Amino acid sequence: MVKRIRMRTLFFGGVITLLFLILIGRIFYVQVVDRDTWYTMAKERWADSETLVANRGTITDRNDNVLAMDALAYNVAVSPKQIDSLGIADEVVEGLNAILNKPQDELRKIVTAQNDKGEYYAQREIRDGGWNIDKSVADKIKELRDELKKETKVNDVGIYLYDDQKRYYPRNTMASQLLGYVDKDGKALAGIESFFNDKLQGKNGEIKYEKDGKRVQLAEGDVVYEPVVDGQDITLTLDNEIQHYVEDAIKQVADKYQPKSITAIAADPNTMEILAMANYPTFNPNTYWDTNFENAYNHAIKSLYEPGSTFKIVTLAAAVEEGLFEPNATFQSGSINVPGSPVRDSNRVGWGKISYLEGLKHSSNVAFVKLGWQMLGGEKLVDYINRFGFGQPTGIQLGNESKGVLNINLSIPSDIARVSFGQGPVSVTPIQQIAAVAAVANGGNLMQPQIIKQIYNPNTNTTQKFEPKVVRRVISEDTSKKVGEYLEQVVSDQVNGTGRNAYIEGYRVAGKTGTAQKIINGKYSKNKYVVSFIGYAPVENPKVVVYIVVDEPNDPLAGGGTVAAPAFKEIVYKTLRHMGIMPDNASEEATTDKKTPTIQLPDVTEMNLSQAQTELKARNVMFEVVGTGTTVVKQVPAAGENIAPTQRVYLVTEQQDKLTIPDMTGLSLRDALEVASLMNVQLLAEGEGFIISQKEDKQGDKRILRVQLSPPTGAEGAITAEEALENANEQNEADTEEEAPSGSSMQEDVEDTGEIQEQ
């Protein structure tokens, strides 16, 4: 018995000893032999990480007005598993459909999504329609979620919102083709956003740390930190106000002529900094998915056009530089024989025997064939075309710039003849065209166009500035001055000048019209045209050069002088006012034969709006409608007053409390006070002179308009806010010195077609 007990004791002792040895061996193996494997697994269970999202760089204009920025956004997700367990799939689908405007069948697929085993997913994202939504939409999602919580008495109803960032464009369609956009997946597409994506996007950071069982960070645990690298901020050369002027002007052209597209560029000719770049049709990058992708196309740097007669500026500058242009020398207009194809003027019969300066004013094709083909010759003309930058990219800081087309065969006389007036073997981009004319304006230097003013790196607190860059000298200063004076007469001659509709009283303006036939099926069309106008001002000290090109206006009889010149006039007038450059009547009288007469305003109050508009258009008066009514309640200035042809009349069509404050940039303070009084708006002014910016505020129920004024350069005795307030009610003392843009003359110009008869 005792022996049996001993045997059992030894047996159990042996088993326990064996088990203990196995345990010790296992511990040794885990802690010594396979230590690294288990330590790594433990570290993974202890460790946690967070992504630190980088801020995308901000894009602003030259005055720090924000054009693109990051904004708080929200992403929507649902839990099919939780929703099914609560039996609320129908309520969730209907609720999300009403808020996100996403089809119910698509929402139901997400809300009831299952895996291959038929199990409901724990979470699914609503990518299309529920990604990067605004706070206002997120608030509605929260309201739906709260209603379902009350209904089910469950805190988790399977609808989730996650904070995120999205790209936001506070000025909506403004400069949209230039800026480009960032899609919902964070991919930069087109424009500045794409070309400078490596600088704008930044780099996300990360923090890794160790935690305990309650997911609290261990004080003594290891921490790995990779800092976030925020994107760099880009300041454009754009001027927000001038961009507004340009877009407003081309919209008016679009409304009237319904073209395929319009492109307009404004630049400082001395630096070639782009002050505005706009295209029509446009799109809103905040809702890019609602617009045709073609609307994001930047014609200013990508599209090619036969330039038509605006290209004659190059031939003129070359002829003047070579001493071949004699303004008073005469030639027989009408037609000229060129081997292969005779060239005719726009009216076919010409204007008889006229001087070359008259030929420039009339935009005579014959005159420029003589200058380019006969006088300069092919090699020299092509050399100047190349020196002016055609046939090669300008180097502007934007992607996919076209280099243009130059297919001039010097052995074919018609090639040389046609290119001398902008037709045939030459196609250019708008940015090339404006860079070339800027060289004529600035004294002869071809400048590289600049769209970037500076780039600021917040991580290093450093700024990269972009200075003006001279590519080459193409003509002398003396030639530049002479060409400017000749082009000025194209505008100032109100009888023969094709550019007369670009004339601005008090300013010296140089310019040139263009009307180019489009090539359809290999032949020049008889009713489809690209019309344009390019010019600069003031001639004596150019501050702005503007080019407008309109593709296929719906009126086949309308040329560049009719369609584009009035828009040019409005843009340049407002821009010069914005720059503080005052009109100079002395300069105007020196360059025009007669002063444009004033216009006496008719009484259009109590008229139907369309009738009032017809009445003012018949007198070539520019106007702006204030309000959405159908009857004119009041007009400013009043009936019977004499105004300059470039002054704008405001037609008030609603009661005071319903009026929307119009753009009053460029108005004198006295006129602005009168407009404000009509709308029962309190106007608070800073500075003196003319309005350069405005901002609407509210104090309780009272509307307040804050305006900033600046006197024109060299202005003396500018009216102060106090003086304007004293005289605000004296309507008979309206200040006719202040002008606003208008189309002035409605007379149709005889525009060149750049036509060569097909044999």
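## Basis of the description

Helices are DSSP runs of H or I with at least four residues, strands are runs of E with at least two, and both are numbered from the N terminus. What is described here is a predicted model, in which local features need pLDDT of at least 70 and side-chain atom pairs count only at pLDDT 80 or more, whereas totals for chains, interfaces and linings use all residues. Residues are numbered from 1 along each chain as its sequence is written, and side-chain values use heavy atoms, with hydrogens and water left out.

## The chain as a whole

The secondary structure of the chain comes to 25 helices and 33 strands. Of its 759 residues, 52% are buried, a word that stands for under 20% relative accessible area, while exposed stands for over 50% and partly exposed for values in between, with a 1.4 Å probe and protein chains only. Among contacts (heavy atoms within 4.5 Å) between residues at least 6 apart in sequence, 70% join residues at least 24 apart.

In helix α23, residues 609-618, the buried residues include L609, A612 and L616. These residues cover an arc of only 60 degrees around the axis, which puts them on the same side of α23; the arc is that of the directions from the helix axis to the C-beta atoms. An α-helix has 3.6 residues a turn, so residues three or four places apart point the same way. The cover over the buried residues of α23 includes β27 (622-626) and β30 (648-652), and the face turned away from the buried side carries the exposed residues T614, K617 and A618.

Just after α23, N620 takes a positive phi of about 60 degrees. In the loop between β26 (599-600) and α23 lies E606, which has a positive phi of about 70 degrees although it is not a glycine. E606 counts as exposed, at 72% relative accessibility.

## Helix α7

Helix α7 has 18 residues (135-152), which at 1.5 Å a residue should span 26 Å, and its end C-alpha atoms are 25 Å apart, which agrees; the expected span is 1.5 Å times one less than the number of residues. Its buried residues are A138, I141, L144, R145, L148 and T152. Seen down the axis of α7, they fall within an arc of 115 degrees, so they line one face of the helix.

The buried residues of α7 pack against β3 (66-78), α4 and β5 (159-168), whereas E147 and K150, on the other side of α7, are exposed. The helix is followed by K153, whose phi is positive, near 60 degrees.

## The loop between α4 and α5

Two residues of the loop between α4 and α5 can be set side by side. N101 lies in this loop and is exposed, with a relative accessible area of 69%; N101 also has a positive phi of about 60 degrees although it is not a glycine.

K102 lies in the loop between α4 (89-100) and α5 (104-111) and is buried, with a relative accessible area of 7%. The side chains of K102 and E106 are joined by a polar contact of 3.1 Å, a term for a pair of N or O atoms within 3.5 Å where, within protein, one must be able to donate a hydrogen and the other to accept it, and residues adjacent in sequence count only if both atoms are side-chain atoms. Leaving out residues up to four places away in sequence, K102 touches N97, L107, I110, I126 and D128.

## Y384 in helix α16

Y384 has its place in helix α16, residues 378-387, and counts as buried at 2% relative accessibility. Apart from neighbours within four places in sequence, Y384 is in contact with A318, E321, E322, V474 and I475. Y384 and A318 are 66 residues apart in sequence, and their C-alpha atoms are 6.4 Å apart in space.

## Two cis peptide bonds

A cis peptide bond, with omega about 0 degrees, joins Y280 and P281; P281 lies in the loop between β12 (273-280) and α12 (299-302). The peptide bond from A537 to P538 is also cis, with omega near -15 degrees, and P538 lies in the loop between β24 (523-537) and β25 (544-551).
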